[in-house]
Each structure stands twice: as structure tokens, then as C-alpha cells.
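I opened the notebook to record a few things looked up in one structure. The entries follow in the order I made them.

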Amino acid sequence: MPPDETDTPVEAVAPLTRGLLVTRLLTDAGGSLSQSELQRASGLARSTVDRVVATLARMGYLRVDRREVTLAPRLLELGNAYLAALGLPDRLGPTVLRLAEELDESVSLAVGDGDGVRFIQHATRRRAVSLTFGIGDLLPAERTAAGAVVATGWTGVDWARWRARRAADPHDQGFPAVSPRQGPIPDFPVQVEMAAERGWALDDQFIERGLVALAVPVRRPDGTVACVASVSSHTSRHSAESLREHLLSCLRTAVAAMEHELANDHPLADPGDPAIGLAAWTGASKQELGREFIESLARGLTVLTAFGADRPELGLSAVAGATGLARATARRALITLVHLGYMSTEAGRFRPTPRVLGLGVPVLAATTLARIATPHLEALAAQVRDSSSLAVAADDDRDIQYVARAATRRIMDIEITLGTRFPAYATGMGRVLLASLAPAELRARLDRLEPHPLTPRTITSRAGLVDALDQVRGDGYAIVDEELEVGVRSIAVPVRDRAGAVVAAVNVAMHSERRTSAECVVEVLPRLRAAAAAIEADLHVTQRFAPVPKV
């Protein structure tokens with residue numbers, strides 16, 4: 001349950017409280033609301049909502065399109081800081097992925113959050129009927145197998161909080177990720193007692209009709225529960241009892257491997273993103289935007305980014321040092337975050353809590369590359385006044401497929417719909433993707449191609465294509481001039497994932513009368529590269545703890 005506002009500490013930062021409220025409301029609404037809807041939902045004055053939104057947009061955490069406010073991928077910096085500090089997804093994620101592959105079922109890790117549980121890792125299987133919950137989603141403890149396991153460690157205060165929430169919200173309206181409660185469920189205290197005795201728990205369609213789950217605790221070396229590992233299935237494949245009978249042994253074996261990993265204290269291969277350190281930037285933004293920028297909100301959120309894999313908990317001085325904030329400013333922000341439940345404290349040390357995942361993660365971690373790219377394509381198309389697109393390699397490796405696009409309104413324009421496929425050898429985006437391949441893979445790919453002339457200028461010889469790809473590799477971009485269609489010229493650059501691999505290409509296409517090839521390099525290429533860099537920045541922060549499908 002949220003903190004009682006009547007108990008708000010005197011030193012709490014009110015603008016930070018309001019900014020967190022707005023962010024959470026947007027998350028609960030699925031990621032988008034109008035400013036009028038935000039005003040009604042928050043109870044704040046319209047001027048306050050406008051200033052909060054302007055500040056969060058300046059930070060890159062929100063986007064404002066006319067009057068629609070939408071969560072932006074950079075907001076994931078906050079949730080990523082918590083997950084990196086927790087360390088469990090980095091350490092246990094590979095085992096989760098292997099188990100999901102082995103069982104061909106969805107596998108999740110969850111931790112307790114108040115009287116609920118939140119997912120911190122999720123590996124799903126592609127099916128017509130599959131689990132729709134993801135990283136950051138909050139579920140009521142009594143309706144999940146993981147919740148019964150988590151509750152084995154509850155204190156009397158925890159149980160009192162759970163009973164109060166059940167009385168105040170009998171239909172689970174406070175949990176946007178789940179459907180309202182329909183009918184009674186088995187006695188939860190009894191389920192918890194059974195979980196403590198057995199060492200596992202079952203969810204027999206408590207959370208959703210047709211969904212069954214099996215959960216086992218993952219313990220730290222000191223015996224405390226670090227998280228809960230769950231396997232979920234559908235009743236068309238397993239009953240709750242058959243899930244236990246057939247999969248409990250495999251799940252326990254995987255959990256033993258996870259516990260072994262937690263017992264081995266070794267540095268992580270990817271310690272995560274460094275502290276963002278926005279303190280100096282916030283001052284400059286205040287100078288530029290004046291009253292519309294709420295510096296105390298921006299600096300308060302900066303505190304959350306101070307934590308990470310090598311900074312799981314910090315003292316006040318360390319927080320101030322990591323963010324560049326004055327100790328007094330950092331202290332007030334920490335007091336506010338502790339009061340609101342986004343931070344815990346013990347013996348002068350602070351640590352982010354699972355509640356941080358409620359700030360955009362359930363929405364943004366479930367996004368796709370196409371959705372990430374679209375706002376940047378639209379901005380690029382508006383700048384150059386020509387259509388811009390994102391394409392990926394098609395399944396057959398011979399074509400490219402358009403997955404995102406921003407068109408312009410012109411008398412002469414290039415009409416392409418999403419899903420359109422073109423031969424990779426005759427397109428700028430296709431050549432960017434081909435040029436990124438390792439030599440052996442490129443030779444194999446060229447062996448499978450059967451180039452034929454689409455226009456008199458189409459390069460079809462193997463030697464000609466190899467030379468063209470060498471040039472693309474050296475230049476870092478591709479220009480294709482009337483090879484796909486007479487009168488069409490395009491310029492394309494790669495989009496790289498967090499590991500540096502080329503996963504897509506973005507282009508600007510135009511009628512050949514609009515610009516010469518040389519003019520494309522001078523006028524379009526810098527903006528095209530800037531758009532690709534913006535897409536990559538959003539992709540990288542989104543990929544930190546969640547896979548990003550292309551479409």
C-alpha cells in the first residue's frame with residue numbers, strides 16, 4: 001500500500017513526489033495519457049502537471065506529442081539501476097533462459113514488493129496462448145505461486161498490511177497487470193504454510209483462468225530467500241498437479257545451479273551502466289527553461305541512477321559523490337524516496353527497492369525495435385522532408401523487410417507499407433546489413449542470392465556487389481542510386497545493438513530529382529546518423545535486462 005501522506009517527512013521533496021506520481025500513473029495506464037487525463041488522475045493543478053511533464057520530457061523520460069504524454073525508453077535508466085544493484089538478473093538470467101528452452105515453458109524470477117510480487121526476469125515462449133506478464137509487473141501475492149513462497153518470510157506487520165489491502169481493495173483494482181478478482185481463492189495463509197513445509201508452491205489458475213504455475217525459492221548462502229523461480233504453463237499443456245509431477249525436479253535442479261552461482265562471489269561480465277550524474281546538466285536546463293524546469297525533481301530522480309552492479313548500496317556521501325549533488329540535496333531526495341517506498345535504508349546505507357520497477361518498466365521493457373525507432377524516424381523525416389524507414393533482414397536472408405516508417409506528404413513520394421520486402425542486394429539498407437556480416441557468412445549469403453536487374457543500373461555481378469559492400473563497410477553508409485527503381489535514391493546507415501552487432505538499418509529515400517548523391521552525403525547523412533544514434537541509445541537502455549523483438 002502507498003505511504004500515508006499525512007506522515008510525509010518535513011524534509012521530503014514535494015516536486016519529486018509529484019514526478020514519481022505522474023510516472024506511475026502513466027505506467028499503470030499502459031504508457032500514455034493526455035495531460036488533461038493526468039491532471040484528473042493525479043489531482044494536481046494543471047500548471048503543476050505541465051511543469052512536471054516538461055521536466056521529465058527534458059530528461060528524456062517522457063515524450064509529448066501535441067497533448068499526448070508517453071513514456072520514453074530512457075526512463076528505463078531508473079529500473080535498470082535497481083536491477084543492476086540487485087544483481088540477480090545478471091547472475092541468474094542465463095540459467096532462466098536455459099530452463100525455459102529445456103522445458104519449453106515460460107520461466108520467471110520474482111521478488112517480494114510489499115504485499116505483492118514483482119517479476120525481475122522473464123523468459124517466455126512464443127505460443128498462441130502464453131504468459132503476458134513481464135519484468136516490473138506487480139501481482140497480488142495471494143494469487144501467485146511466487147507470492148506464497150515470498151510470504152513464508154513475512155512478519156506480523158507484513159500480514160497486517162496484506163489484510164488491510166485485501167479489505168480496501170477486494171477486487172485487486174490496484175494491480176493493473178491482472179484482471180479483477182473473480183470468485184474466491186484458497187485460503188492464502190494455508191497456502192503459505194504449505195509452501196513453507198514443502199519448499200514449493202502451486203498456482204492453480206489463481207491469477208488467470210487457464211494459467212498454472214510452480215514456484216521454488218532461490219536462497220542466498222545465508223539461507224534467506226533471494227528471489228523465487230517459477231515455471232508457468234497453460235492448462236492445455238499441464239494441470240497444476242502434472243506441472244508439479246513433471247517439472248518440479250527440473251526446476252529444483254535449475255534452482256540449485258542458481259544458488260551455486262550466488263555462492264560464488266565473482267565480478268560480473270557486464271557491471272551495467274555507469275551513474276548518469278545529471279546534477280550539472282539540471283542546472284543548465286534550469287537556466288535555459290526557467291520556471292518550466294523543476295530542478296529538484298530532476299535531481300531527485302538522479303539519485304536513483306547512482307546505484308548499479310558495483311554500487312548495490314550506498315551511503316549519503318557516496319550518493320552525493322556519484323551524482324554530483326550537494327549532500328543536503330541528496331539527503332532530502334533519499335528521505336523522499338525512502339518515505340515513498342522506492343528506497344530502503346539500514347545503518348546509514350541506502351538501497352533501491354522493487355517498487356522502482358513500477359516506474360515505466362512494465363510498459364517499456366515489453367517494447368519492440370520498431371516502436372523504439374518510430375519517433376526518431378518521424379523527427380528525421382520532418383527535418384529532411386523525405387521519408388525515413390527502418391528495415392531488418394527477412395527470414396529468408398535474401399530480402400529486407402520494412403518494420404517502421406515515417407512518410408512525408410509530397411506530390412511525388414515513395415509509397416511503401418510496413419512489411420514490404422525488397423531484395424537486399426539492390427537496396428541501401430540491404431547493403432548495410434550485408435556489409436556487417438562476417439566474411440564466411442557473407443560468402444554463404446552471396447552464394448544463395450540470385451541477383452537480377454531491377455533497373456538498368458542494378459548491380460548484379462558478384463564482383464560488383466563485393467566491391468559495393470567493401471565501400472559501404474569503409475564509408476559506414478550506403479547510397480543506392482536508381483538500382484531498386486528508376487527515380488529513387490536512398491542513403492542508409494546501420495543500427496547496432498548493445499553488443500555492437502548490426503540488427504537493422506535506417507534510411508532516407510527520395511526522388512532522384514530532390515538531391516544528388518553528393519548532396520545526400522552533405523545534407524542528409526549527418527542527420528541520418530544522429531537518428532540512428534538516438535535509436536541505438538534507446539535500444540541499448542531497453543536491452544539491458546529484456547530482449548527487444550524487432551517487431
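Before looking at strands, I noted that two strands pair if DSSP finds at least two bridges between them. I also noted that this is a predicted model.

Entry on the strands. I looked up β2 (residues 62–65) and found that it pairs with β3 in the antiparallel sense over four bridges. In that pairing, Asp65 stands opposite Glu68 of β3. The hairpin of β2 and β3 has two residues between the strands, and Arg66 takes a positive phi near 60° there. I then checked β1 (residues 32–34), which pairs with β3 over three bridges, in the antiparallel sense. Here Leu33 stands opposite Val69 of β3. Last, I looked at the faces of β3 (residues 68–71): Val69 and Leu71 are on the covered face, and Glu68 and Thr70 are on the uncovered one.

Entry on two helices. I took α1 (residues 14–28) and α13 (residues 327–340), whose axes come within 9 Å and cross at roughly 45°. That angle is why α1 counts as oblique to α13. The crossing of α1 with α13 is right-handed. From α1, the contact uses Leu16, Thr17 and Leu20; from α13, it uses Ala333, Thr336, Leu337 and Leu340. I sorted the residues of this contact into five nonpolar, two polar and no charged.

Entry on Ser512. I found Ser512 in the loop between β18 (502–511) and α19 (517–543). Is Ser512 buried or exposed? Its relative accessibility is 14%, so Ser512 counts as buried, the cut-off being under 20%. Leaving aside neighbours within four places in sequence, Ser512 is in contact with Glu482, Gly487, Val488 and Arg489.

Notes: Residues are numbered from 1 along each chain as its sequence is written. This is a predicted model: local features need pLDDT of at least 70, side-chain atom pairs count only at pLDDT 80 or more; totals for chains, interfaces and linings use all residues. Side-chain values use heavy atoms; hydrogens and water are left out. Axes are lines fitted to C-alpha atoms, for helices over the stretch in contact, and angles run from 0 to 180 degrees between N-to-C directions. Angles under 35 degrees count as roughly parallel, over 145 as roughly antiparallel, 65 to 115 as roughly perpendicular and the rest as oblique. A crossing is left-handed if the near helix is turned anticlockwise from the far one by less than a right angle, and right-handed if clockwise. Contact means heavy atoms within 4.5 Å. Ala, Val, Leu, Ile, Met, Phe, Trp, Tyr, Cys and Pro count as nonpolar, Asp, Glu, Lys and Arg as charged, and the others, Gly among them, as polar. Buried means under 20% relative accessible area, exposed over 50%, partly exposed in between (1.4 Å probe, protein chains only).
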